[in-house]
Amino acid sequence: MKHKSLSALISSFNLFVFTFFLLSETTSCVDSQYEACVPKKCGGQSISYPFWIQGEQESYCGYPGFELTCQNNHSILQILENNYTVQEIFYGNQSIRISVSNLGSECLPPIRNLSLEVGTFKFASSDIPYLHILSNCSLSLPGGLLDYNRISCEAKNENVWGLALAMFGNNKNLSYALGKCETQVLAPVELNGYDVIGDYMEVLRMGFVLQWKASNCNECKASGRRCGFDASSYQFRCFCKDRPHRGRCKTRKSSVSLLSPILP
Ligand SMILES: *[C@@H]1O[C@H](CO)[C@@H](O)[C@H](O)[C@H]1NC(C)=O
Ligand SMILES: *[C@@H]1O[C@H](CO)[C@@H](O)[C@H](O)[C@H]1NC(C)=O
Ligand SMILES: *[C@@H]1O[C@H](CO)[C@@H](O)[C@H](O)[C@H]1NC(C)=O
Ligand SMILES: *[C@@H]1O[C@H](CO)[C@@H](O)[C@H](O)[C@H]1NC(C)=O
Ligand SMILES: *[C@@H]1O[C@H](CO)[C@@H](O)[C@H](O)[C@H]1NC(C)=O
Ligand SMILES: *[C@@H]1O[C@H](CO)[C@@H](O)[C@H](O)[C@H]1NC(C)=O
């Protein structure tokens, strides 16, 4: 009996605190930047700082160079001239798995060498394997090489790549093939490069992991706030419900002391 009334008292106190909390939330002004930077979904993926979706989120919700476009439920990241499909974003360890966009079943879209000079992203490891894609190769290549390394293309992309080959850097025929082809493009991949013959399209589709460089959001996010970036001062921002702060938000003492013994 005694126990019951005590729990009844606690739950009504809980209700009171909850109401108080709700009231204080609704009556205090909510920062518009905090509101604007609510995570958005593209496909099944939640997009938030340091990424932001062009046209759906404000640029201050993320870093410059981290803008994504959401196309047919896929997030597309453009790094210089290449478009990559975002396969997964690992917010916890600040890395992202991407792969070349618009890979057909057999054909390659036009791709360029990936340059990470902008300093926004870096490879997770220092010796990343590359798939060498050789284009406009001579038709006089030996049949064995063609059998194993040719990327067969539908007619529409033949004019982009011509007769194209793909091989890993440790392929003994690489230097020979380079002499028979006009240009090469290096596409980062994730294999160890020991597969002499492989499904090169599958390898490209698997993608690779990049780490990003941007102020860490974990602390800000853990305190229920949202991260962002101020382009004019070029500084990280943590948007609180009331107003932005550089780091942690100030918590109102009164609500903390009231809430902390009760909330689970
Ligand atoms: C995107 O996904 C949503 C929900 O799964 C679905 O309703 C919609 O048709 C998809 N849109 C496209 C363009 O695939
Ligand atoms: C990358 O995507 C952008 C935006 O959709 C587009 O304008 C551009 O032509 C694409 N680049 C390539 C190389 O496909
Ligand atoms: C981050 O974690 C994911 C999932 O565990 C992993 O696949 C990825 O390689 C990690 N990134 C780095 C840079 O280690
Ligand atoms: C190198 O090319 C020759 C044909 O000239 C072929 O028989 C051989 O299998 C190729 N080796 C590799 C590692 O692809
Ligand atoms: C292959 O040659 C054609 C015709 O000269 C050219 O238009 C195309 O850009 C070349 N492709 C590459 C990837 O160099
Ligand atoms: C891509 O990079 C490789 C290695 O640096 C270089 O040999 C090749 O010419 C580059 N390709 C293009 C199209 O610039």
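A residue counts as near a molecule or strand if one of its heavy atoms lies within 4 Å of it. Keep that in mind for the ligands. The model here is predicted, so to speak of local features we need pLDDT of at least 70, side-chain atom pairs count only at pLDDT 80 or more, and totals for chains, interfaces and linings use all residues. Residues are numbered from 1 along each chain as its sequence is written, chains are lettered from A and ligands numbered from 1 in the order in which they are written, and side-chain values use heavy atoms, with hydrogens and water left out.

Ligand 3 comes up to start. Around ligand 3 sit Phe90, Asn93, Ser95, Ala124 and Gln211. Look for polar contacts, meaning pairs of N or O atoms within 3.5 Å; within protein, one must be able to donate a hydrogen and the other to accept it, and residues adjacent in sequence count only if both atoms are side-chain atoms. The side chain of Asn93 has an N or O atom 2.4 Å from an oxygen atom of ligand 3. For Ser95, a side-chain N or O atom is 2.9 Å from a nitrogen atom of ligand 3. On its own, ligand 3 has 360 Å² of accessible area, and the protein covers 52% of that. Such areas come from the Shrake-Rupley method with a 1.4 Å probe; for residues, only the protein chains shown count as cover. What classes make up the shell around ligand 3? There are 2 nonpolar, 3 polar and no charged residues. Ala, Val, Leu, Ile, Met, Phe, Trp, Tyr, Cys and Pro count as nonpolar, Asp, Glu, Lys and Arg as charged, and the others, Gly among them, as polar.

Next, ligand 5. Its surroundings are Ser135, Asn136, Asn159, Val160 and Thr183. A polar side-chain atom of Asn136 is 2.2 Å from an oxygen atom of ligand 5. Thr183 has a side-chain N or O atom 3.2 Å from an oxygen atom of ligand 5. Alone, ligand 5 exposes 370 Å², and the protein buries 45% of that. The shell around ligand 5 holds 1 nonpolar, 4 polar and no charged residues.

Now ligand 2. Gln71, Gln78, Glu81 and Asn83 surround ligand 2. From an oxygen atom of ligand 2 to an N or O atom in the side chain of Asn83 is 2.4 Å. For the side chain of Gln71, the corresponding distance is 3.2 Å, again from an oxygen atom of ligand 2. The shell around ligand 2 has no nonpolar, 3 polar and 1 charged residues.

On to the sheet. Strands are DSSP runs (E, at least two residues), numbered from the N terminus, and two of them pair if DSSP finds at least two bridges between them. Here 7 strands form an open sheet with mixed pairing, in the order S3-S4-S5-S6-S7-S13-S8. Which strands are at the edges? They are S3 (52-53) and S8 (121-123), each pairing on one side only. S8 pairs with S13 (residues 208-212) in the antiparallel sense, over 3 bridges. Phe123 stands opposite Leu210 in S13.

Last, how do the strands contribute to the lining of the second largest pocket? S5 (74-79), S6 (82-90) and S7 (95-100) each supply at least two residues of that lining. S6 gives the most, with 3 residues. A pocket is an open set of points on a 1 Å grid over the protein atoms alone, where a 1.4 Å probe fits, with protein on both sides within 12 Å along at least five of seven lines; lining residues have an atom within 4 Å of a point.

Methods. Helix = DSSP H or I, 4+ residues; strand = E, 2+ residues; numbered from the N terminus.
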